[in-house]
Amino acid sequence: MLSVYTRHYPPCPETDIHHRRCHCPKWIRGVLVHQDPIRKSAKTRSWGKAELLARELERRAESAGIIQLEEAIHAYIADQVARKLSPPTLTPIHALFERKFLPWCQDQEVFHLDQVRAPQLKDFRSTWESGARTTRRRHEHMRSFFAFA
């Protein structure tokens with residue numbers, strides 16, 4: 001959470017950093033999600049403009065942590081390729097994630113990784129029409145994907 005404060009210049013009679021009505025420079029301080037503490041100039045003398053800047057910085061920090069599901073799937077597959085898995089091993093992974101899971105998520109309107117929940121995964125698993133071994137392998141691939149992500 002970020003907050004605005006005032007750094008008063010010597011001619012200003014005010015000493016309270018929360019005084020809004022003087023024309024001294026406004027600064028922003030606080031901590032953003034998964035980042036170090038921030039203390040920076042808002043580069044304005046208006047309290048309102050400084051508040052808007054603080055809210056914009058918070059919005060950017062929150063949206064930076066959101067991972068697109070499609071990007072996560074491509075990163076996972078690229079990691080499997082980088083592990084030098086053989087093509088017969090990679091084929092079912094491609095099939096599961098690119099031809100089954102991704103289209104299913106798009107139909108469910110799930111586009112971010114943090115939107116995927118256990119009940120949805122159970123619904124997805126119920127769409128599999130395969131034998132016990134194949135189902136077990138797919139389940140292992142799904143667990144591996146979410147551990148990676």
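In this predicted model, helix H1 spans residues 47-64 and holds both Arg55 and Glu51, which are four residues apart, about one turn of the helix. Their side chains meet in a salt bridge with an N to O distance of 2.4 Å. Glu58 lies in helix H1 as well, three residues from Arg55, again about one turn of the helix, and the side chains of Glu58 and Arg55 form a salt bridge at 3.0 Å.

Helix H5, residues 132-148, contains Glu140 and Arg136, four residues apart. These two residues also form a salt bridge.

| Salt bridge | N to O distance |
|---|---|
| Arg55 and Glu51 | 2.4 Å |
| Glu58 and Arg55 | 3.0 Å |
| Glu140 and Arg136 | 3.8 Å |

Glu58 is buried, at 14% relative accessible area, because the cut-off for burial is under 20%. Arg55 is partly exposed at 32%, as are Glu51 at 25% and Glu140 at 44%.

On the scale of the chain, the protein has five helices and three strands, in the order β-β-β-α-α-α-α-α from the N terminus. The radius of gyration is 25 Å, whereas a compact globule of 149 residues would have a value near 15 Å. The C-alpha atoms fill a box of roughly 80 × 30 × 15 Å along the principal axes. Buried residues account for 30% of the 149 residues. The protein carries 25 positive and 17 negative side chains, with the centres of the two sets 5 Å apart.

Methods
Residues are numbered from 1 along each chain as its sequence is written. This is a predicted model: local features need pLDDT of at least 70, side-chain atom pairs count only at pLDDT 80 or more; totals for chains, interfaces and linings use all residues. Side-chain values use heavy atoms; hydrogens and water are left out. Helices (H or I, at least four residues) and strands (E, at least two) are DSSP runs, numbered from the N terminus. The radius of gyration is taken over C-alpha atoms; the globule rule is 2.2 Å times the number of residues to the power 0.38. Buried means under 20% relative accessible area, exposed over 50%, partly exposed in between (1.4 Å probe, protein chains only). Lys and Arg count as positive and Asp and Glu as negative; His and the chain ends are not counted. The place of a charge is taken as NZ of Lys, CZ of Arg, CG of Asp or CD of Glu. A salt bridge is a side-chain nitrogen of Lys or Arg within 4 Å of a carboxyl oxygen of Asp or Glu.
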